[in-house]
Amino acid sequence: MNDTPDVSMSSGIEGLDDILRGGFPQHCLFLITGTPGTGKTTMAMQFLMAGAHSGERCLYVTLSETRAEISKVARSHGWNIEGVRIIELIPSEHNLSPEAQLTVFNPSELELGETTQAMIAAVTEHRPNRLVIDSLSELRLIAQNPLRYRRQVLALKQFFSGHECTVLLLDDRTGGVEDDHLQSIAHGVVSLELLANQYGAERRRLRVSKMRGVSFRGGYHDFAIRRGGLDVFPRLIAAEHAASFPDREMPSGNAHLDALLCGGIPYGTSTLLLGPAGTGKSTVATQFATQAVKRGERTAMFIFDENLGTLRSRSRKLGMSLDVSIESGLISAQQVDPAELSSGEFAAVVRRAAEGRDGFGKPAKLIVIDSLNGYLNAMPEEKFLTAQLHELLSYLGQLGVVTLMAVTQSGMVGNMASPVDTTYLADNVILFRYFEDRGHVRRAISVVKKRNGQHERSIRELDMTSNGIVVGEPLTDFQGILTGVPTYVGATLSKTRN
């Protein structure tokens, strides 16, 4: 078509425009493929409505669905499609009568010619800037011959090129191998997929396999269909989001914990809070969040393992109430439903919080994921989930965000397995342990890794009271605390509890 691929037309979908570096190149023909239910019609309607909103002439030519069916789809999304003209080219009832089938010509030749001429007449009359043809499977069935079908599509492409029209051809992939020929004709190809998980909601993703003259974002990108249309989540590429930020540390507000960390957690780093269940990982994360509020910084918490009511109740009982901070927006706490979320959507939600595009007014400087076990278990069918998480953490680090991730290890004492590779994922690791002391179960906390700075090598006792967390002096009178059954080696028992 016209050789002006440098001018882009918005698809009407923010995430798709990001993938296409601005939108569809103007005055070209594109193929949108996908099995029924993947969202082709919804994408096409958003494309046309974006044009209508800009004052462009928009035409929807339907060969399968009726005008009433398309209007019903629009109403389900709350759309006003008055600016989009809909032309039905569905075979009439007359074509179904026995008399209409009696002819010396091949019926497919007559019907294909009539359909093509009607399509050309509609475009000639309305001269649209944007055109959608839904769907090519009907043309393919009418043609009955791959060669005739390909020639007809080529002829239509030549016709559209003379009318400065940007065209989306929708195809439901019912035609088999011959569809590959059509992909060679189109200027660009966007494929939509619907994947059924063994448990939970289905997952949708798209891939741009071809877009001439555009350095588009390759790979698969998750998307969801909601009221209002497609919400596309572009695959995150951390290297594209580098930013500068001060070299400083985020304190916890607890003197002994900050001494253990030699000041706090550096901005732009990720930290694993690693230990068995109940050792205080979530509470320490909450301590950092409440202290961030006092500095006027925003925290975004993503909760997998408990509901928001439990989080707020537990925090109140520990003297770290989140109620006022949540009401003011300085802390946003979102309960994540693991059965309804894809990895791409979760990354997009976190990204919007870090960039301040999630409706809370300011970017989050602290991200809390509680817990990473819930995130990993929520998407067991994802083969590269750890790699995606690493990319997300790298992105947050380049924005100067502090990320805290609670990880629950299996077991209670002794050697415990971790579901993730801590050396690969995190910049810092804070280790939590239970240990036994004369018939009592006590908690211990230590810093075993801090990539960007110094930290204490000591082990301190951790206690949780109604006034918050209490971190004691180093446990110098014990040996073997991390095994769970320490040996007392001091002359006198250190009193570390306040």
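A crossing of two helices is left-handed if the near helix is turned anticlockwise from the far one by less than a right angle, and right-handed if clockwise. The model is predicted, with local features needing pLDDT of at least 70 and side-chain atom pairs pLDDT 80 or more, while totals for chains, interfaces and linings use all residues. Residues are numbered from 1 along each chain as its sequence is written, and side-chain values use heavy atoms, without hydrogens and water.

**Exercise 1.** Describe how helix α6 packs on helix α7.

Solution. Helices here are DSSP runs (H or I, at least four residues), and strands are runs of E of at least two, numbered from the N terminus.
- Step 1: α6 spans residues 136-143 and α7 residues 146-161; their axes are 9 Å apart at an angle of about 130°. Axes are lines fitted to C-alpha atoms over the stretch in contact, with angles from 0 to 180 degrees between N-to-C directions.
- Step 2: α6 is therefore oblique to α7, since angles under 35 degrees are roughly parallel, over 145 roughly antiparallel, 65 to 115 roughly perpendicular and the rest oblique.
- Step 3: the crossing is right-handed.

**Exercise 2.** Characterise the surroundings of L404.

Solution. 
- Step 1: L404 belongs to strand β18, residues 402-408.
- Step 2: at 1% relative accessibility, L404 is buried (under 20% relative accessible area; exposed is over 50%, partly exposed in between; 1.4 Å probe, protein chains only).
- Step 3: leaving out residues up to four places away in sequence, L404 touches residues including I265, F288 and I369 (contact: heavy atoms within 4.5 Å).
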